[in-house]
Each structure stands twice: as C-alpha cells, then as structure tokens.
Amino acid sequence: MAKTGTTTQGLRAAIERSGYYPALVAEAVEAAVGGEPVASYLVHQETTFDSSEVRRHVTVLVLTDNRFIVSHTDEQNADTSSPSPYATTSTESVKLDRISSVVVSRVVANPEKYVPGTLPREVVLTIGWGAVSRIDLEPAACGDPNCEADHGYTGSSTADDLSLRVSEAGDGPDTVRQTLAFAQSLSEATAAAATATAATGR
C-alpha cells in the first residue's frame with residue numbers, strides 16, 4: 001500500500017489509511033517535519049513472513065523545500081527484552097544537498113513491445129546520502145591468462161541508505177505510479193538544491 005501527495009493533511013490521512021499504528025507513526029513523522037510545508041510524500045506498508053511470524057513495516061518518505069525525511073516503523077513480538085509486543089519507530093532528516101544519488105530501477109515485461117507511458121511491473125527506488133555505503137570487492141586480474149601475480153583487489157562503493165521495492169502484482173499499479181511520482185519530485189528537488197549550492201559557492 002502506498003500513498004503520495006503534497007499536503008500535510010494528506011500525509012496524515014495517508015498514514016491513518018495505512019492502519020499501521022497511525023498515532024505513533026504520525027507523531028514521529030510530524031515531529032520531524034516540524035512547521036515546514038510538505039512538498040511530496042510516500043507512505044508504503046509491507047508485510048514479511050519470518051518463519052511462523054508475520055511482521056509489518058511501514059516506510060514514510062517526506063519531501064519539503066529543504067529536507068528529505070525518512071521514517072521506519074517495525075513491530076516486534078514479545079522477547080527477552082519485553083514481555084509484550086512492541087513497535088520501534090525512527091526518523092532521519094537529510095538536507096537535500098546531501099543526497100548523492102536517486103536511483104530508479106524499472107522492470108518492464110516484453111520490452112520489444114514497450115509503449116512510452118506504460119507502467120513498469122516493478123520499481124526499486126534507491127536513495128543514497130552517505131550514511132550507509134556498500135563496498136563490493138573482487139580480486140583484480142590482468143589480461144594475461146597465464147599471469148599468477150597478485151594484482152590486489154578491485155571493487156566499487158555504492159551509496160545504499162534506502163531501498164524501496166514495489167510491484168504491480170504485489171502492491172498495485174497505483175503504488176508503482178506513486179513511487180515514480182515521488183522519485184521524480186525528489187530528483188528535481190535534489191537537482192535544484194545542487195544548483196543553489198553551486199551558485200552560492202558553499
């Protein structure tokens with residue numbers, strides 16, 4: 001389930017419609033947003049199955065004129081630290097000029113018949129701002145197949161702070177459309193922030 005829009009009232013309504021501890025989620029998100037106007041938002045709920053347990057998770061993404069805010073809320077069953085079920089919620093606020101990448105991966109069926117404007121069957125939105133990086137290493141090699149020298153390692157570093165996957169089959173076409181709309185709004189906002197930063201020389 002995902003909802004997107006452009007108003008603070010709409011954000012609260014989308015959180016309430018998700019039905020996932022709305023009072024807890026809304027309070028955390030609204031405290032992080034503060035008095036800033038909401039430019040765009042996305043509320044996405046997913047359910048996972050862990051052995052015999054069902055776990056729910058909700059992600060709320062909010063875009064203001066100056067910041068990108070991400071909130072995660074998870075529910076946990078009773079364990080050694082708590083005799084009763086509980087939920088944890090966290091929010092992070094990121095200045096737009098700190099966002100280093102907005103990656104939108106689209107999966108399209110029958111690409112040879114693709115018509116512009118057709119929704120992809122799956123979208124993965126990955127956003128990086130430097131809080132978490134993934135490094136993939138592998139042994140380096142040269143062009144000589146008989147070479148036995150140690151060439152060290154080669155690899156790549158990828159910003160991977162947030163990755164959100166939606167599919168038409170699992171979440172519905174509206175969710176896919178809403179995710180693409182939020183990704184576009186965020187890309188445009190980060191581009192504008194980068195231009196403003198370059199213009200001021202900061």
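Buried here means a relative accessible area under 20%, exposed means over 50%, and partly exposed covers the values in between. These legends describe close-up views of a predicted model.

**View 1. Arginine 67 and glutamate 36 form a salt bridge between two buried residues.** The closest N and O atoms of this pair are 2.5 Å apart. Arginine 67 has a relative accessible area of 17% and is therefore buried, and glutamate 36, with a relative accessible area of 19%, is buried as well. The pair links distant parts of the chain, since arginine 67 lies in strand β4 and glutamate 36 in the loop between α2 and β2 (38–50), 31 residues apart.

**View 2. Glutamate 122 and arginine 165 form a salt bridge between two strands.** The closest N and O atoms are 3.1 Å apart, and the bridge again joins distant parts of the chain, with glutamate 122 in strand β7 and arginine 165 in strand β10, 43 residues apart. Glutamate 122 counts as buried at 19% relative accessibility, whereas arginine 165, at 46%, counts as partly exposed.

View 3. An α-helix has 3.6 residues a turn, so residues three or four places apart point the same way. Arginine 12 is partly exposed, with a relative accessible area of 31%, and glutamate 16 is also partly exposed, at 45%. Together with Glu30, Arg12 and Glu16 are linked in a network of salt bridges; a search of the whole structure finds six salt bridges.

**View 4. Helix α2 has a buried side and a face turned away from that side.** The helix runs over residues 22–33, twelve residues in all, and reaches 16 Å from its first C-alpha to its last, close to the 16 Å expected at 1.5 Å a residue. Its buried residues are Val25, Ala26, Ala28, Val29, Ala32 and Val33, and they lie on the same side of α2 because they cover an arc of only 165 degrees around the axis. The face turned away from the buried side carries the exposed residues Ala23, Glu27 and Ala31. Just after α2, glycine 34 takes a positive phi of about 65 degrees.

**View 5. Tyrosine 21 and asparagine 110 have positive phi values.** Tyrosine 21, found in the loop between α1 (8–18) and α2, has a phi near 40 degrees, a positive value in a residue other than glycine. Asparagine 110, found in the loop between β6 (101–107) and β7, has a phi near 45 degrees. Tyrosine 21 is partly exposed, with a relative accessible area of 35%, and asparagine 110 is partly exposed at 48%.

**View 6. Leu61 and Phe68 have the most contacts inside the largest nonpolar core, which has 22 residues.** At least two residues of this core are supplied by each of β3 (53–64), β4 (67–76), β7 (122–128), β10 (162–167) and α4 (173–200), and the largest share, seven residues, comes from α4. Leaving aside its neighbours within four places in sequence, leucine 61 is in contact with residues including Tyr41, Phe68, Val70, Leu125, Leu164 and Phe182. A second, separate core of 16 residues includes Leu11, Ala14, Ala32 and Tyr41.

Technical notes: Residues numbered from 1 in each chain as written. Predicted model: local features only at pLDDT ≥ 70, side-chain atom pairs only at ≥ 80, totals over all residues. Heavy atoms only, no water. Core = buried A, V, L, I, M, F, W, Y, C linked by side-chain atoms within 4.5 Å. Buried < 20%, exposed > 50% of the residue type's maximum accessible area, 1.4 Å probe, protein only. Helix = DSSP H or I, 4+ residues; strand = E, 2+ residues; numbered from the N terminus. Contact = heavy atoms within 4.5 Å. Expected span 1.5 Å × (residues − 1). Arc of directions from axis to C-beta. Salt bridge = Lys/Arg side-chain N within 4 Å of Asp/Glu carboxyl O.
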